[in-house]
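Please keep the sequence and the model in view as we proceed.

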Amino acid sequence: MKIKLVVWRQKDRKSAGAFQEYELDGVLPEMSFLEMLDVMNEKLIGQGKDAIEFDSDCREGICGSCGCLINGQAHGPELGTTTCQLYMRAFADGDTIVIEPWRAKAFEVVRDLVVDRAAFDRIQQAGGYTGAKTGPHPDGNANLVPKQHADLAMDNAACIGCGACVAACPNASASLFTAAKITQLSLLPQGGPLREARVVRMVKQMDLEGFGNCSNIGECRSACPAEISIESIATMKREYMRALIVTEKREAKAEGAG
Amino acid sequence: MVTSCCLTRSVRTSQALNCYRSIRKLLSLERRRRHPSSDQLMQVGSRSSKTVLEYYRELGLVMWDKVGMARNEKGLKEAISKIDGLSDLWSNVRITGEAKAHNKTLELAGRVADLLELGQLMARDALERAESCGGHFREESATLPRAKRCETTSNGHAAVWEWQGQGQTQKLHKEKLDFEVVHLAQRSYK
């Protein structure tokens, strides 16, 4: 296959970037998208030019490292997959592929297709955890969790933090990512003690990072490799309301008692 | 109630940050001591065109073919000399981009250099142990050439290689194992 690539090249955070065009011949349909980029890079290095920088690690769809906009779609045209799970058979001989990094104010472009996703780390650090000390593990049935809750929590825990939701969203909102973690932990007994504090702090951090707001578009769900439901966003909003009311009630009660 | 993961502006945070900073400093010092600087590595291959991936694949092929599931003396000696040849990576590899910028090719070159050292040592270790033991299978000690293979173990020892410094051959230490209660036996895969 012969492919034309239109790739975003950017030297560093401060430089303006621009699209660069390349031609690549001898692309096999069995090649993965990232393998095709590796082949492109081998060619560029052979010509003494800078390789196209992009993130990848596991190359099997679970680590959340890889990710770029492929013809405007986060992770490419296939549903429920990451960039590393996309194969060249999804394209035809003579196709043009436009490749860009995740576009969001909160995700600064480091170089070429690599973006800084530390904003996601900071949202997690704000509350995406349980406040339990470590120690010997308890008996498996000591914490009773209904199967429906366990299943839904697992569906949400499947989030790999890739950032496709932000990239796909016209508002560049991180709602799906934040909501997945909040939903997961709100369903489980271990998430109980910090349930109110978690949602308030995580939402606050999400806003501070400069992500946009959710206006119920749903592009995030389409792009998500783990197929997280947008119902989680509704859960996050409900949890937020609940947190405000519960906290207010608690404070009133404490004042009354004291 | 103090939670172990409360990352507010607390003493805990600055302690963790200082710890992290000193580890990073140690690692970067270690890197500078052990390897030529990234800048040097960037300069070397400007006239060659052998890429990091080409070195990586060649090493992988040698390890798979000669230091794989069944090993023999001839193959292991060939592996050692082939990997010696690949160590010209330090003077011949082609890396583009900048040393101080985000450069995955440079990062991979460092990893492949480490893997060359490791692969070399694994081949030497396999050659030293002239018996089959656990996952290490030497064809010379197979008793049934065509049917299911058997393992033989002679005296039994544990081995470890000691770092002697950059560019120095590692030193082998052997510790003889005396089996007092459960004795060594030949394993059959029939």
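Let us begin with a definition: contact means heavy atoms within 4.5 Å. Axes are lines fitted to C-alpha atoms, for helices over the stretch in contact, and angles run from 0 to 180 degrees between N-to-C directions. Helices (H or I, at least four residues) and strands (E, at least two) are DSSP runs, numbered from the N terminus.

This is a predicted model, in which local features need pLDDT of at least 70 and side-chain atom pairs count only at pLDDT 80 or more, while totals for chains, interfaces and linings use all residues. Residues are numbered from 1 along each chain as its sequence is written, chains are lettered from A and ligands numbered from 1 in the order in which they are written, and side-chain values use heavy atoms, with hydrogens and water left out.

I turn to the sheet of chain A. Its 5 strands form an open, mixed sheet in the order 2-1-5-3-4; two strands pair if DSSP finds at least two bridges between them. Strand 2 (18-24) and strand 4 (73-74) of chain A each have a single partner strand, so one side of each has no neighbour in the sheet. Strand 3 (residues 69-70) of chain A runs antiparallel to strand 4 of chain A, joined by 2 bridges, and A:Ile70 stands opposite A:Gln73. Helix 1 (residues 33-46) of chain A lies across strands 1, 2, 3 and 5 of chain A, at about 90° to strand 2.

Next, a helix pair in chain A. The axes of helix 5 (residues 175-186) and helix 8 (residues 231-257) of chain A come within 8 Å and cross at roughly 70°. These two helices of chain A are therefore roughly perpendicular, a term for angles of 65 to 115 degrees.

How do helix 3 and helix 6 of chain B cross? The axes of helix 3 (residues 52-66) and helix 6 (residues 104-128) of chain B come within 10 Å and cross at roughly 20°. Helix 3 and helix 6 of chain B are therefore roughly parallel, which is said of angles under 35 degrees.

Finally, consider B:Ile83, which lies in helix 4 (residues 73-86) of chain B. At 0% relative accessibility, B:Ile83 counts as buried, that is, under 20% relative accessible area with a 1.4 Å probe, protein chains only. Leaving aside residues up to four places away in sequence, B:Ile83 touches B:Leu59, B:Val62, B:Met63, B:Leu116, B:Gly119 and B:Gln120. The C-alpha atoms of B:Ile83 and B:Val62 are separated by 7.8 Å, although these residues are 21 residues apart along the chain.

Terms used: Angles under 35 degrees count as roughly parallel, over 145 as roughly antiparallel, 65 to 115 as roughly perpendicular and the rest as oblique. Buried means under 20% relative accessible area, exposed over 50%, partly exposed in between (1.4 Å probe, protein chains only).
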